[in-house]
Amino acid sequence: MADFDVLIVGGGIAGASLGAEIAGRVRVGILEIESQCGMHATGRSAAFWLESYGGSQVALLSAASRDFLANPPSDFSDAGFLRQRGDVHITRDELPQLPPGIEARVVEREELERLVPGIRRQWKRALFEPGCSDIDVAGLHSAYLRRFRRLGGSVATDAALASATFGSGSWTVRLSDGSTVTTGIIVNAAGAWADSVSLACDIQPLGIAPKRRTMVQLRVGRSGLRDLPLVDDADGTFYFKGEGDRSIWLSPHDEIDSDPCDAAPEEIDIALAIDRFEQVVDWPVEAVERSWAGLRSFAPDRIPVYGFDPNAEGYFWCVGQGGFGIQTAPAAARLAASILLEKPPHPSVAQLDPETFSPRRLKLS
Ligand SMILES: Cc1cc2nc3c(=O)[nH]c(=O)nc-3n(C[C@H](O)[C@H](O)[C@H](O)COP(=O)(O)OP(=O)(O)OC[C@H]3O[C@@H](n4cnc5c(N)ncnc54)[C@H](O)[C@@H]3O)c2cc1C
């Protein structure tokens, strides 16, 4: 018998949430190359839930995740993970189109000045999306890992998949320290490393492209910002939200092709972010308190991928979470678990079509 039924490569939000959904039903382990889980994309996000983000298929996953995030089961967490702040999509001319069914209303200039004091004159109006909320990402990720361990799952850190071969119904996985472990199924939840992990398993990659995004924490000469709505523009060239009383988190909405790596911000992107910010509000920029960057990873059609590889036995993909992997995690994990275990889906995701997310759409056998 193999050591595991399922071995998940990657201990970010994708691996942890799927692991927590299947632990207790199969023998499952997580392999994480770093000394702790969550050091890459999961630990570097902007931490918001925004239903309109990522297009209509992603919006279905975000909507199906909301109830779990707001009111998690009591054996998962004592408190919810969301704090509502709303989002204003500001525009100089045309209002943005949101996917169907998303609650939003038009805000004219007078109200916009109340929502974002000091906003410059060229921003004429906005679409206000009240449901936008902050997510307690660290709390959610650790609650998933806690549940995973409680149900018998094991997490190995400082443990990298170096290669894997399939034979006689199971995988033999070689770790970077030279040891081996066997498993019936490998789950690729390796984020930016999705394609390199597949190559190490001799599986044809899906074309998952990592793209760098920069975040800057700015101190500004204006107070009362903590509860500011998320502010973004209809053309997708920046977003910012209140962090402390006089500080904000800002991104230039960059999307720069990258190899998988420990991403770091570039001076030029920080400067670009500040330049764009100064065109939105008249708040003096006092200091860059900190900056960071992370890799958002996309399938060619920008829809995440959950499902068995059509050409390889025992190989499951859970990748391409783009800029929405936290806000979609509860629904994604439940959907992926039902596909992986070949069981009926949890009622919260029963309306989702697994074919939309299947790797078959990217790999014609
Ligand atoms: C700046 C930024 C802002 C974002 N903002 C938001 C937001 O507001 N809301 C939202 O929902 N999402 C947001 N995202 C996206 C979100 O962070 C990601 O979609 C999500 O974290 C992806 O999770 P993951 O588990 O797939 O990847 P990761 O967290 O990167 O985890 C993959 C793990 O695999 C491990 N690994 C790789 N190779 C191996 C190997 N060979 N062996 C063992 N382990 C391996 C890595 O070390 C890593 O820990 C943002 C992302 C960025 C970068």
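**Note on a predicted protein–ligand model**

1. F316 is placed in strand β20, which covers residues 315-319; helices (H or I, at least four residues) and strands (E, at least two) are DSSP runs, numbered from the N terminus. With a relative accessibility of 0%, F316 counts as buried, where buried means under 20% relative accessible area, exposed over 50%, and partly exposed in between (1.4 Å probe, protein chains only). Apart from neighbours within four places in sequence, F316 is in contact with L18, I185, I186, V187, N188, Y306, G307, F308, A336, I339 and L340, contact meaning heavy atoms within 4.5 Å. F316 and I8 are 308 residues apart along the chain, yet their C-alpha atoms are separated by 9.2 Å.

2. Residues are numbered from 1 along each chain as its sequence is written, and side-chain values use heavy atoms, with hydrogens and water left out.

3. The protein chain as a whole comes next. Its secondary structure comprises 8 helices and 20 strands. The radius of gyration of the protein chain is 21 Å, close to the 21 Å given by the globule rule for 365 residues, so the chain is as compact as a globular protein of that length; this radius is taken over C-alpha atoms, and the rule is 2.2 Å times the number of residues to the power 0.38. The C-alpha trace spans about 70 × 40 × 40 Å along its principal axes.

4. Of the 365 residues in the protein chain, 55% are buried. Among contacts with a separation of 6 or more, 72% join residues 24 or more positions apart. The accessible surface of the protein chain is about 15300 Å², and 48% of this belongs to carbon and sulfur atoms; accessible areas come from the Shrake-Rupley method with a 1.4 Å probe, and for residues only the protein chains shown count as cover.

5. A ligand oxygen atom lies 2.6 Å from an N or O atom in the side chain of T42. Polar backbone atoms take part as well: that of I13 is 3.2 Å from an oxygen atom of the ligand, and that of G322 is 2.9 Å from one. The protein covers 97% of the 1000 Å² of accessible area that the ligand has on its own.

6. S17 belongs to helix α1 and is buried, with a relative accessible area of 2%. A polar atom of the S17 side chain lies 2.6 Å from the backbone oxygen of I13. Beyond its neighbours within four places in sequence, S17 is in contact with Y144, A329 and A333.

7. A47 occupies the loop between β2 (28-31) and β3 (48-49) and is buried, with a relative accessible area of 13%. A47 and F324 are 277 residues apart in sequence and 9.5 Å apart in space, C-alpha to C-alpha. Leaving aside neighbours within four places in sequence, the residues in contact with A47 are S133, D134, I135, V137, K241 and W249.

8. Two aspartates have positive phi values. Phi of D158 is near 50 degrees; D158 lies in the loop between β9 (154-156) and β10 (161-167) and counts as exposed at 57% relative accessibility. Phi of D202 is near 60 degrees; D202 is found in the loop between α5 (194-200) and β13 and is exposed, with a relative accessible area of 71%.

Key
Predicted model: local features only at pLDDT ≥ 70, side-chain atom pairs only at ≥ 80, totals over all residues. Polar contact = N/O pair within 3.5 Å; in protein donor to acceptor, adjacent residues only side chain to side chain.
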